[in-house]
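Biologist: Please take a close look at one part of this model, the packing of its helices, and describe it step by step in plain words.

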Amino acid sequence: STVLEVSADDAEVLVVGFRAEPGHTLTTQRNAGAGAEANGKAVAGDLAKPYSKVGDWRTQLRQDMRIEVLGTKRRFYHDPANSKYLHYHEGDKEWWLSDKGHFDSAKAFGYLYCAGTPERPPPTPGPKWRIHRYGRWITSPDLHISFAPNTFDEGSEGKDEDESDSDRGNAAKDLYIANGGLLEDDMVVISAEPNFEDEAQDVVGKYRPMEQFRWRKERVVKVDYKRRLVTITDAPTSVYHASVSYMTRGYWEPGRKTISLDSDTIRKLTIRKSGRGSGDNASDDVELGKALATTTVCGLRNLGNTCFMNSVLQCLFAVPQLAELFVSKDEIGAMLNPGNPLGTGGELAKAFSGLIQNVAFSRGKTQVPNVFKQVLGNFSPRFAGFEQQDAMELFNTAVDLLHEDLNRILKKPYVESVESGSDPDDVVAKESWRRHKLRNDSVIVDLFQG
């Protein structure tokens, strides 16, 4: 278990974000703080129950949305010295040496590869390891892959060390020899001949065994809320790339399965919120932000053929009341309705707020609406790509989702449609609007509907 102590000197509210692997839970305990008085002594105040302020993202799942699904534990090897990862690619049944980004995405992409089994990388001599040199994949006799005990470092021989470390090293070496030179936790050593070392600095090193849960992105096919089941599939993926020293190929076949909607082996899609367009570069000066939000002129960069989206965003930026509200993340945070199944759990409202904050404090720099597009594309997959779309359709979709994220009606009542009959149009219109407001009441309704 892990104990995390947090404190807030002046803040009335302290929010702790928690995310862990399946099977882990969060408990809270308050050890200090002003609260009610008992017998003339201050006692600790109450804490909100864990997870009580978290929206149930499962109620907002839609067809074709992407979520993350927990796979099996994968074994890999890592060398912190060169930040490279040796990992097994299941689709091609190959071991690959890759950088972190392609290791995280489990792609057949990297500097070296060799066919093998998931248990461990094959040593040399034996199966042929191929390295990318001279613009092509070659088999080099100057490159060697071997194993060594993880607890015994040959480089430590001859060095001054205390008795316990020496004994431990000798015991590990004896066990290594007794087991025929292979152990479960062996590290992989990649070395090169002297005439090849300069060109192989990206790959040589000592790679220690590690394990981790693997989360992969899959697409929702169907959600059965009555039986609490969700059907998911992994769409076919192809990646092709050429490089002087870095190469990729491969794909995996699509599959489909149905699992419990309440399973802890699924989680909502992780949106990378960094760089311009995320709100990270904005100032905390709300009053200055409100003034700048209505006067700043800022360009938006196209992400493919997304000029239709940028034109809609510029129109929304030009609504003063909307810009002044969304430039304050605290005001938006207080308005969120994360439990609304018709919304995005507040994700789109927060992404739009972050974008407006960065636009307001852009100082003339072009902004990239990538976070807004990621969130909108996940909840409305027709806008997930980079091809041309209808601007009015995007406006209707985005504004409707923003409305549901900020809807003041927490539990919508059932409302029957209005029968016009022989009543005058103005009477029917007033009654329709009254019933509409019973289910829909937000700043979007205040500004855009009537």
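Modeller: Of the contacts in the chain between residues at least 6 apart in sequence, 66% join residues at least 24 apart; a contact here means heavy atoms within 4.5 Å. The model is predicted, so local features need pLDDT of at least 70 and side-chain atom pairs count only at pLDDT 80 or more, while totals for chains, interfaces and linings use all residues. Residues are numbered from 1 along each chain as its sequence is written, and side-chain values use heavy atoms, with hydrogens and water left out.

The chain has 11 helices and 18 strands. These are DSSP runs numbered from the N terminus, with helices being H or I of at least four residues and strands being E of at least two. Of the 450 residues in the chain, 37% are buried, where buried means under 20% relative accessible area, exposed over 50%, and partly exposed in between (1.4 Å probe, protein chains only).

Now the helices. Helix α4 covers residues 307–317, and its buried residues are Phe308, Met309, Asn310, Val312, Leu313, Leu316 and Phe317. They pack against α3 (286–293), α5 (320–326), α7 (347–360), α8, α9 and α11 (443–448).

Two of these partners, α8 (residues 370–379) and α9 (residues 391–405), have axes that come within 11 Å and cross at roughly 90°. An axis is a line fitted to C-alpha atoms, for helices over the stretch in contact, and angles run from 0 to 180 degrees between N-to-C directions. Helix α8 contributes Phe372, Leu376 and Phe379 to the contact, and α9 contributes Leu394, Thr397, Ala398 and Leu401. By class, this contact has six nonpolar residues, one polar and no charged. Nonpolar covers Ala, Val, Leu, Ile, Met, Phe, Trp, Tyr, Cys and Pro, charged covers Asp, Glu, Lys and Arg, and the others, Gly among them, are polar.

Helix α9 also packs with α7, at an angle of about 110° and with the axes 8 Å apart. This pair is therefore roughly perpendicular as well. Here α7 brings Glu347, Leu348, Ala349 and Phe352, while α9 brings Ala398, Leu401, Leu402 and Asp405. This contact holds six nonpolar, no polar and two charged residues.

Next comes the core, meaning a set of buried Ala, Val, Leu, Ile, Met, Phe, Trp, Tyr and Cys residues joined through side-chain atoms within 4.5 Å. The largest nonpolar core has 51 residues, and Phe326, Phe352 and Phe372 touch the most other members. At least two of its residues come from each of β3 (66–79), β13, α4, α5, α7, α8, α9 and α11. The largest share, eight residues, is supplied by α7. Leaving aside residues up to four places away in sequence, Phe326 touches Ile332, Ala349, Phe352, Ser353, Ile356, Gln357, Leu402 and Leu406. There is also a second, separate core of 20 residues, including Leu86, Trp129, Leu143 and Phe147.

Last, the cysteines. A disulfide is a covalent bond between the sulfur atoms of two cysteines. Here a disulfide is counted when a pair of cysteine sulfur atoms lies within 2.5 Å, and the structure holds zero of them. Cys298 is buried, at 8% relative accessible area, whereas Cys307 is partly exposed, at 39%.

Conventions. Angles under 35 degrees count as roughly parallel, over 145 as roughly antiparallel, 65 to 115 as roughly perpendicular and the rest as oblique.
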